[in-house]
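Welcome, and thanks for taking a look. Please have the sequence and the 3D view open side by side, and let us walk through them together.

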Amino acid sequence: MSNRQGEFIWYELMTTDIAAARAFYAAVVGWTISESSDMPGMDYRMVAAPDGTVAGMMPLDAEMIAGGARSMWVGYIAVDDVDAAAARITATGGHVFVPPRDIPEVGRFAMAGDPQGATFYVMRGFPDQRSDAFRADAPGHCAWNELTTPDQPGAHAFYEGLFGWTSPDSMPMGELGDYRFLWAGDLRLGATMPGEGPAHWLFYFAVPSITRAMDAITAHGGTVTNGPHEVPGGGHIVTGTDPQGARFALFGSLEEADT
């Protein structure tokens with residue numbers, strides 16, 4: 001795996017209705033999503049941007065739902081050693097929900113939660129191939145990773161200790177506190193912001209037209225929860241929920257893209 005420790009390398013939607021989710025995100029983001037499983041022994045759909053795969057989708061079964069699982073997006077973060085990362089997660093107040101295990105010919109991973117409740121994966125890929133699932137300048141890729149947490153200092157201590165992230169700069173938000181940027185080396189990953197309630201990660205996927213994407217959200221049973229808002233550096237963002245309740249966000253131009 002050529003990605004450095006601390007980089008986001010994959011995104012995954014766990015959903016209560018994979019057929020509906022496939023139709024929704026194909027319309028909203030423009031992804032090409034496989035109609036049948038791409039992995040033996042489980043229903044796992046590959047999600048492709050125009051230049052390659054960026055994410056996956058899997059259904060939540062009855063047992064998962066009975067145990068409290070809900071539709072949600074989860075990010076995979078690269079580590080050099082999955083077992084060592086899992087041990088550090090538990091030692092520093094986090095939780096390991098799925099202990100380290102291998103996916104044949106893909107990699108080793110573990111599913112975890114930070115001390116404030118946000119869910120994420122750690123992974124070491126087997127093939128020596130770079131993942132560009134996180135790439136701000138490419139349609140269909142994730143353009144930004146944002147953590148909302150009730151304990152921003154505690155979250156920074158946890159993630160910076162686990163992945164080696166840094167946070168040298170921030171943007172004041174008045175009474176809301178600071179929007180603190182996250183870096184993996186010289187790569188800016190996203191940011192954290194203080195907020196009430198359980199911590200959660202929100203992923204911003206790049207689209208050619210925010211205007212068209214917003215129309216598609218409502219037309220296909222989703223909800224626009226905030227936006228559109230202009231962001232520093234250009235472009236607009238919008239946040240929403242899909243028909244199954246998973247949070248997501250979009251980044252792009254407010255103007256209509258050329259067809």
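## A salt bridge to begin with

R135 is partly exposed, with a relative accessible area of 35%, where buried means under 20% relative accessible area, exposed over 50% and partly exposed in between (1.4 Å probe, protein chains only). Its salt-bridge partner is D137, and the two side chains meet at 2.8 Å, N to O. D137 is exposed, at 60% relative accessible area. A salt bridge here is a side-chain nitrogen of Lys or Arg within 4 Å of a carboxyl oxygen of Asp or Glu.

Before going further, note that this is a predicted model: local features need pLDDT of at least 70, side-chain atom pairs count only at pLDDT 80 or more, and totals for chains, interfaces and linings use all residues. Residues are numbered from 1 along each chain as its sequence is written, and side-chain values use heavy atoms, leaving out hydrogens and water.

## More charged pairs

Side chains of opposite charge can pair when their charged atoms come close. By the salt-bridge rule, the count comes to ten. One of them joins E7 and R4, again at 2.8 Å from N to O. E7 is buried, with a relative accessible area of 3%, while R4 is partly exposed at 38%. Salt bridges with shared partners join R4, E7, R130, D132 and D186 into one network.

Another salt bridge forms between D83 and R108, whose closest N and O atoms are 2.8 Å apart. This pair links distant parts of the chain, with D83 in helix α3 and R108 in strand β7, 25 residues apart. Both are partly exposed: D83 has a relative accessible area of 37%, and R108 has 23%.

## The sheet

Helices (H or I, at least four residues) and strands (E, at least two) are DSSP runs, numbered from the N terminus. Eight strands make an open sheet with mixed pairing, in the order β2-β3-β4-β1-β5-β8-β7-β6. At its edges are β2 (32–33) and β6 (95–103), each pairing on one side only. Two strands pair if DSSP finds at least two bridges between them.

Which strand pairs with β5 in the parallel sense over three bridges? The partner of β5 (residues 72–78) is β8 (residues 119–125). I77 stands opposite V122 in β8.

## Helices across the sheet

Helix α1 (residues 18–28) lies across β1 (8–15), β2, β3 (45–49), β4 (52–59) and β5, running at about 150° to β4. Helix α3 (residues 82–91) lies across β6, β7 (107–113) and β8, at about 175° to β6. Axes are lines fitted to C-alpha atoms, for helices over the stretch in contact, and angles run from 0 to 180 degrees between N-to-C directions.

## A closer look at α3

V82, A85, A86 and I89 are buried in α3. They lie on the same side of α3 because they cover an arc of only 100° around the axis, the arc being that of the directions from the helix axis to the C-beta atoms. The buried residues of α3 pack against β6, β7, β8 and α4 (152–163). At the start of α3, a side-chain oxygen of D81 reaches to within 3.0 Å of the backbone nitrogen of D83. Just after α3, G93 takes a positive phi of about 95°.

## A buried loop residue

Q116 sits in the loop between β7 and β8 and is buried, with a relative accessible area of 17%. Beyond its neighbours within four places in sequence, Q116 is in contact (heavy atoms within 4.5 Å) with T149, P150, D151, G154, A155, P198 and A199.

Definitions and conventions
Polar contact = N/O pair within 3.5 Å; in protein donor to acceptor, adjacent residues only side chain to side chain.
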